[in-house]
Amino acid sequence: MRIAYISAGAAHMYCGSCLHDNTLVAALQRLGHDAVLVPTYTRLRTDEPDVSIDRVFFGALNVYLKQIAPLLRRAPARLERLLDRPRLLALVSRLGSSTDPRRLGELTLSILRGEEGHQAGELDKLLGWLRDTFQPEVVHLTNSMFAGFARRLKAELGVPVLCSVQGEELFLDSLPEPSRGEVRAALAERARDIDLFVAPNRFYADFMASYLGVERTRLAVVPLGIQLSGHGSAGSTGSSDSSGADLAGYRPPPAAAPEAGRPWVIGYLARIAPEKGLQLLADAFRQVALSLGAGRVRLHVAGYLPAQHRGYLRGIERQLAGWGLAGAYRYFGEVTREEKLRFLAGLDVLAAPALFAEPKGLYVLEALASGVPVVAPRRGAFPELLEETGGGVLVAPDAPAELAAALGELLADPERRERLGRAGRAAVHGRFSAEAMAAATLALYERCLDGAGGERTARAAGAATAAVGGGRG
C-alpha cells in the first residue's frame with residue numbers, strides 16, 4: 001500500500017508526536033508497505049533513525065511570512081525554495097515562542113482554512129508532489145490542525161484522508177480570543193472532510209469527538225506503540241527476552257532491593273513545563289525524603305526545557321536546595337535514545353505528575369518497557385495505560401501527599417515494585433510494540449479503501465476495535 005503520512009516538525013526539540021509518527025511509518029515500511037513520512041514546518045527530530053523524506057513542505061518561514069506579508073504570497077519559486085532550506089529553517093526554529101500569540105492564532109486559522117487561507121500556495125506544492133511524484137492510496141495527517149488540507153486532497157487525489165489526534169487542543173485552547181473561537185469554528189467545519197480520526201486511547205477518542213463536534217463512531221482507537229526491536233535503531237543491544245522480542249536497549253529495573261549504600265531513585269521523564277507537574281513532584285519528593293531519610297532517596301529528572309520555562313526549573317531547584325535536598329536531585333537535560341534508556345535503567349519508580357488530562361503518556365510505556373513501575377494521577381490516558389499493563393499505581397490528581405505516600409510505599413515494598421515492573425514490561429513487549437500499532441493502523445487504511453463515505457468510516461472504526469483486541473474503540 002502507498003501511504004503518505006504528513007507530520008509536523010517541532011524544530012529543535014524532541015516531540016512526542018514526531019516520535020510517534022516516525023515510529024509508525026518505520027514500522028509500516030518494515031511490514032513491506034510503501035510509506036513515506038512527509039515533514040512540514042521544519043525537519044523532524046526523533047531519537048530513532050529519521051525515516052522522513054528529504055524535503056519540508058509548509059516550511060515555517062514561508063508559512064509565517066505569507067501570513068504577515070501579502071506580497072510574499074506570490075513570491076518567486078526560487079525565493080520560496082531558499083526560505084525552505086533546512087539550515088535557514090533551523091535558524092528560525094524558535095520563531096513560535098517569540099511570536100505574538102495573536103499572530104499564532106491568525107496563522108493557525110489560516111492554515112485550517114486550507115485552500116482559502118494565505119498558505120494556499122503551500123498546499124498546492126504538497127498536493128502537486130503527492131499527485132505527480134508519490135501518488136498515494138491513503139493520506140494520513142498528523143493532527144486536526146491539518147484538517148484544512150483534506151478537502152483538496154480528497155477532491156484531487158481521490159483517496160481517503162485520515163487524521164490522528166495527539167494533544168493539539170492544549171495549544172488551541174491557549175490561543176487568545178477572538179482567535180480561539182474562530183479556530184474552533186473552522187476546525188468543526190473542516191473536521192467533516194476527514195474520513196476517520198485516529199486516537200491513542202478511549203479517553204481521548206471520547207474527548208476529541210466532543211471537541212471536534214463529530215460522532216464518536218468517526219474516531220477509531222489505535223493504542224500507542226514503541227520501538228522494541230532493533231531494526232537498526234540507536235541503542236540496540238541485540239538482547240532478547242523470553243517472548244523473543246529484541247529489547248533494543250530496554251533493560252530490566254535495578255535489583256528489587258538497593259545494593260548496600262545505594263539510594264532509591266524516583267524519576268521524571270517529560271518536558272519541563274508547569275502543566276507537566278514537576279513542581280508537584282518536588283513537593284511530594286520532599287515528603288518522601290522526610291519519611292525515608294534524605295540520604296535514602298534521589299530525584300532524577302530528564303526532558304526538554306523550553307527557554308520560557310528555565311525560570312520555572314530554577315525556582316524548583318532553589319526550593320530543593322532550601323529544603324536541604326540539592327544533593328539528592330539531578331537534572332539530566334534533554335536525552336537521546338541511548339541516554340534515555342540508561343536513565344530509565346537507573347530508576348526504581350517513575351512519577352508522571354501531569355496537572356492536565358494527558359492524552360498520550362508515551363513516557364509511561366517507555367518506563368514500563370524497562371520494567372520500571374509508574375505512579376500517575378487518575379485522569380487522562382493514565383487509567384487506561386495502567387489498567388491494560390498492570391504496571392503501576394493510580395493516585396488522586398494534584399495531590400502531592402497522596403503521590404508521596406504511593407511513591408514511599410512502592411520504594412519500601414521491593415516485592416510489589418518488582419511485580420508491577422514485570423507485569424508492565426510483559427504487557428508493553430506483548431501488546432504495545434510499533435508493529436502492533438502499525439498492524440492496527442493498516443486495518444483502518446484497508447477498511448477505508450473498501451468503502452465510501454459514512455459507511456466506510458463506520459466499518460473502519462469497527463475494524464480498529466477488532467484489530468486491537470476489542471474493547472478499546
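## Getting started

Helices here are DSSP runs of H or I with at least four residues, numbered from the N terminus. With that in hand, let's look at Arg202, which sits in helix H10, residues 202–212. Keep in mind that the whole thing is a predicted model.

How exposed is Arg202? Its relative accessible area is 24%, and because buried means under 20% and exposed means over 50%, Arg202 ends up as partly exposed. Along the chain, Arg202 and Glu384 are 182 residues apart, yet a distance of 7.9 Å separates their C-alpha atoms.

## The chain as a whole

Now for the wider view. The chain has 473 residues, and 57% of them count as buried.

Take the contacts in the chain with a separation of 6 or more: 71% of them are between residues 24 or more positions apart.

## One side of H13

Helix H13 runs over residues 337–345, and its buried residues are Arg337, Lys340, Leu341, Phe343 and Leu344. Where do they lie around the axis of H13? They span an arc of only 160 degrees, so they are on the same side of the helix.

There's a simple rule behind this kind of pattern: an α-helix has 3.6 residues a turn, so residues three or four places apart point the same way. What do the buried residues of H13 pack against? Their partners are strand S7 (264–269), strand S8 (297–302) and helix H14 (362–369).

## Where H6 meets H7

Two packed helices can be described by the angle between their axes and the distance between those axes. For helix H6 (residues 120–134) and helix H7 (residues 150–157), the angle is about 35 degrees and the axes are 11 Å apart. Their crossing is right-handed.

On the H6 side, the residues involved are Leu123, Asp124, Leu127, Leu130 and Arg131, and they meet Arg152, Leu153, Glu156 and Leu157 of H7. Sorted by type, the residues of this contact are five nonpolar and four charged, with no polar ones.

## Ser144, tucked in a loop

Ser144 belongs to the loop between strand S3 (138–141) and H7. Is Ser144 buried or exposed? With a relative accessible area of 0%, Ser144 is buried.

Which residues does Ser144 touch, leaving aside those up to four places away in sequence? The list is Leu112, Cys163, Ser164, Val165, Glu168, Leu187, Phe197, Met208 and Leu212.

Note on methods
Residues numbered from 1 in each chain as written. Predicted model: local features only at pLDDT ≥ 70, side-chain atom pairs only at ≥ 80, totals over all residues. Heavy atoms only, no water. Helix = DSSP H or I, 4+ residues; strand = E, 2+ residues; numbered from the N terminus. Buried < 20%, exposed > 50% of the residue type's maximum accessible area, 1.4 Å probe, protein only. Arc of directions from axis to C-beta. Contact = heavy atoms within 4.5 Å. Axes fitted to C-alpha atoms, helices over the stretch in contact; angles between N-to-C directions. Left-handed = near helix turned anticlockwise from the far one by under 90°. Nonpolar A, V, L, I, M, F, W, Y, C, P; charged D, E, K, R; others polar.
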